[in-house]
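Please read the following with the sequence and the model side by side. The text goes from one group of residues to the next.

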2 protein chains.
Amino acid sequence: MTAESQTRAAHPPGSRTVRVPLGDRSYDIRIVHGDESGGFGPFAREALEATRAGRSCRSALVVTDSNVRALAARHAEALAAQGIAAEVAVVPPGEGSKSLEQAAELLDRLIALRADRHSAVVAVGGGVVGDLAGFVASTYARGIPLLMAPTTLLAQVDSSVGGKVGVNRPAAKNIVGAFHQPSGVWIDTRSLDTLPPRELRCGMAEVVKYGVILDPAFFEAVERAAAAVLALDPAAVAPVVARCCELKAGVVSEDEREETGLRAVLNFGHTIGHAVEAVAGYGGPFQHGEAVAAGMVAESRLAERLGWIDPGLTDRLSRLLRLLGLPTSAPGLDPRALIAAMTLDKKNAGGRIRFVLPRALGSVELTDAPAEGDVRAVLDELTAAD
Amino acid sequence: MTAESQTRAAHPPGSRTVRVPLGDRSYDIRIVHGDESGGFGPFAREALEATRAGRSCRSALVVTDSNVRALAARHAEALAAQGIAAEVAVVPPGEGSKSLEQAAELLDRLIALRADRHSAVVAVGGGVVGDLAGFVASTYARGIPLLMAPTTLLAQVDSSVGGKVGVNRPAAKNIVGAFHQPSGVWIDTRSLDTLPPRELRCGMAEVVKYGVILDPAFFEAVERAAAAVLALDPAAVAPVVARCCELKAGVVSEDEREETGLRAVLNFGHTIGHAVEAVAGYGGPFQHGEAVAAGMVAESRLAERLGWIDPGLTDRLSRLLRLLGLPTSAPGLDPRALIAAMTLDKKNAGGRIRFVLPRALGSVELTDAPAEGDVRAVLDELTAAD
């Protein structure tokens with residue numbers, strides 16, 4: 001991977017900027033800790049006007065949920081100070097808002113605001129708000145600019161970068177959507193101060209994933225900084241978030257629309273993880289990050305069975321996940337139900353289950369090599385009573 | 001305009017092919033009259049597999065309305081004969097089906113079919129079916145291939161070419177959508193045999209438009225062939241449809257996402273036309289093509305007032321439209337209501353109404369030059385009792 005992304009000169013003081021290189025859809029991720037100097041407004045205006053042939057931005061709909069509506073209101077004021085008339089739309093927190101029906105309400109709100117090509121959507125919140133607001137931006141008037149201000153660790157290191165937006169249908173998650181790159185991403189790590197600890201840990205599962213799939217040195221850095229990150233030490237959190245964004249930017253820039261298979265590396269832990277989430281029940285005992293943590297361990301064991309890695313790597317991964325308070329197994333789930341759920345996964349080709357498995361720390365490969373017996377064995381291990 | 005499109009060697013015998021040059025989103029429009037040799041299936045398969053990195057196509061949802069469901073069923077059989085398992089979804093005819101709610105039903109149908117990246121959507125019908133099915137294809141799994149088989153003249157010369165897809169909201173038409181280029185367009189002009197004559201005439205309004213905005217020789221050819229086209233003489237219809245597709249392909253290939261302003265030339269007659277349609281009431285006395293016909297005449301008069309053309313051009317345009325049985329005025333409508341409707345048009349910038357006006361036969365220009373008085377004068381003329 002030729003990671004073209006880079007951490008640029010700090011601006012404003014103390015901030016980091018990661019560039020996502022995507023030709024004329026390139027954009028900046030700005031990472032700050034506490035926006036004392038009022039950087040959000042100028043960043044948003046510049047980002048929103050840099051896209052769409054430099055068209056001026058005159059109005060915005062700020063989409064948020066009730067957990068962070070105060071922050072959204074401050075962002076709306078900052079936009080107004082930049083000459084961008086902003087209104088705030090508050091949706092209920094939780095996955096239920098990621099629906100076509102909720103999207104329709106926001107689209108009607110944009111119509112009522114007479115939003116046009118000089119308007120934008122600004123998402124302030126976690127993954128649900130980002131995916132929903134992004135879908136609205138991708139379809140209103142065939143696409144208007146989108147600014148992401150993710151407030152959860154998971155959204156900051158994962159869902160706000162890469163352009164995937166969408167909503168659920170009752171029978172399938174994330175099935176309706178688009179690739180719609182944001183014009184910019186504003187990450188204030190101070191948002192994490194009010195995040196429930198469980199959600200912080202869930203975000204750390206994706207952080208660990210980046211180390212395993214792409215960057216052994218980063219994996220080691222996370223091992224060293226785990227306690228400081230969980231304690232929200234700004235000096236530890238900011239470089240972790242920035243490196244994850246750089247790593248994801250590198251992948252996305254080489255496979256923007258998930259066509260070459262390269263972007264699939266991001267799915268390490270997710271084949272089994274998604275099955276764990278689905279079988280345990282959405283909103284049940286496993287949040288997404290927790291299911292991915294257990295899935296990474298099981299998939300690492302699967303790589304052992306292929307002879308790709310030695311058990312030491314899986315043990316090291318498990319230790320780090322436990323240190324971060326994440327599960328490494330899913331005792332009590334039905335292995336046959338997990339296999340059935342994986343067989344439905346949309347990334348499969350020709351009926352065989354496809355996995356992204358480690359070849360070494362920092363290197364993974366997309367494969368359908370695992371035999372059914374090996375898959376079953378690691379699922380038995382995963383679901384055995386502790 | 002450097003029209004890169006071309007009419008290629010006939011294949012199968014008697015057919016015409018127009019290439020839409022859009023880099024890796026390029027596609028063919030195949031124009032036939034009566035598919036005796038069973039060309040649809042092979043064309044569809046080849047077109048659907050040429051896109052998306054040559055991924056094989058294994059299943060398709062054929063979307064149609066009850067007017068042409070028999071044709072859609074034949075197309076589904078032809079797909080099945082190519083190894084593409086096809087089901088037909090029938091929506092009610094009419095603009096009411098161009099809704100998010102109807103799109104949601106079709107998306108759920110795709111989920112039930114377990115559609116994946118090896119699936120496609122095939123639209124068989126007029127503009128409503130094409131726009132709706134195209135929107136579904138653009139959003140399912142973040143975009144799957146789309147094949148268009150337009151059955152109305154309007155859809156054949158206009159809406160099936162160019163990648164604009166979308167649905168309405170109660171408060172705004174076409175406000176939710178995407179740019180999603182089809183993988184291919186299959187035009188069988190024999191479909192026109194069963195089209196209501198009024199719809200045929202409406203399609204001819206857009207045909208005339210292409211001559212005015214881009215091609216004086218084509219305008220003259222339409223003048224000569226008008227009676228033969230209305231009589232559905234295949235020797236007259238096919239070259240007209242093909243030339244319109246070539247002209248639109250040329251515009252779309254230079255401004256795929258309506259960013260440079262070039263694509264705006266297609267809006268000649270539409271600024272006033274849309275207002276006529278809206279003020280008279282959708283589904284009312286003016287169908288879209290009829291409103292555009294009256295709008296073209298009024299906008300041509302506006303160009304006279306700017307001194308851009310002499311009255312002879314407008315008179316010639318009016319004669320041709322009357323010959324085709326199309327209206328050249330909108331007696332009885334309220335000019336103030338028309339102005340109010342135009343002020344809401346999303347193509348305006350900074351409050352002034354923008355028009356695409358002729359500089360000569362075959363050449364138009366986007367402008368906000370018309371003074372309010374001139375606009376009012378042409379609208380008074382447009383709406384005066386005959």
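Which backbone nitrogen lies 3.1 Å from a polar atom of the side chain of Thr152(A)? The nitrogen belongs to Ala155(A). As with every value below, this distance comes from a predicted model.

Thr152(A) sits in the loop that joins β7 (146–150) to α5 (153–159) in chain A. With a relative accessible area of 12%, Thr152(A) falls under the 20% limit, so it counts as buried. Apart from residues within four places in sequence, Thr152(A) is in contact with Gly125(A), Gly126(A) and Gly127(A), and also with Leu192(A), Leu195(A) and Glu199(A).

An unreviewed UniProt entry gives the feature "binding site" at a set of positions in chain A, including Gly127(A), Gly130(A), Thr151(A), Thr152(A), Lys164(A) and Lys173(A). Leaving out residues up to four places away in sequence, Gly130(A) touches Ala123(A), Met148(A) and Val165(A).

The next topic is the aromatic rings. A pair of rings is described by how far apart the centres are and by the angle between the planes. Over all chains, the whole structure holds 4 aromatic pairs. In one of them, Phe43(A) and Trp186(A) have ring centres 5.5 Å apart and planes at 45 degrees, so this pair is tilted. Phe43(A) belongs to helix α1 (residues 40–50) and Trp186(A) to strand β10 (residues 184–188), both in chain A, so the pair ties together parts 143 residues apart in sequence. Phe43(A) is buried, with a relative accessible area of 7%, and Trp186(A) is buried at 1%.

In chain B, the rings of Phe43(B) and Trp186(B) likewise have centres 5.5 Å apart and planes at 45 degrees, so they too form a tilted pair. Here Phe43(B) lies in helix α1 (residues 40–50) and Trp186(B) in strand β10 (residues 184–188) of chain B, so parts 143 residues apart in sequence are again tied together. Both Phe43(B) and Trp186(B) are buried. Back in chain A, ring pairs link Phe40(A) with Phe43(A) and Trp186(A) into a cluster.

Rings also take part in contacts between the two chains. The charged end of Arg142(A) sits over the ring of Phe179(B), at 5.9 Å from the ring centre. In the other direction, Arg142(B) lies over the face of Phe179(A), 5.9 Å from the centre of that ring.

Which residues have the most contacts inside the largest nonpolar core? They are Ile29(A), Val208(A), Ile29(B) and Val208(B), in a core of 219 residues. Not counting residues up to four places away in sequence, Val208(B) touches Phe219(B), Val222(B), Met296(B), Leu317(B), Leu320(B), Leu321(B) and Leu324(B).

A last stop is Ala76(A), in helix α2 (residues 69–81) of chain A. Is Ala76(A) buried or exposed? Its relative accessible area is 8%, so Ala76(A) is buried. Beyond the residues up to four places away in sequence, Ala76(A) touches Val62(A), Ala86(A) and Val88(A). Ala76(A) and Leu61(A) are 15 residues apart in sequence, and their C-alpha atoms are 8.5 Å apart in space.

Terms used
Residues numbered from 1 in each chain as written. Chains lettered and ligands numbered in written order. Predicted model: local features only at pLDDT ≥ 70, side-chain atom pairs only at ≥ 80, totals over all residues. Heavy atoms only, no water. UniProt positions renumbered as here; feature names shortened; annotations may be inferred. Contact = heavy atoms within 4.5 Å. Helix = DSSP H or I, 4+ residues; strand = E, 2+ residues; numbered from the N terminus. Buried < 20%, exposed > 50% of the residue type's maximum accessible area, 1.4 Å probe, protein only. Polar contact = N/O pair within 3.5 Å; in protein donor to acceptor, adjacent residues only side chain to side chain. Phe/Tyr/Trp six-rings, centres within 6.5 Å; stacked < 30°, edge-to-face > 60°. Lys NZ or Arg CZ within 6 Å of the ring centre and 35° of its normal. Core = buried A, V, L, I, M, F, W, Y, C linked by side-chain atoms within 4.5 Å.
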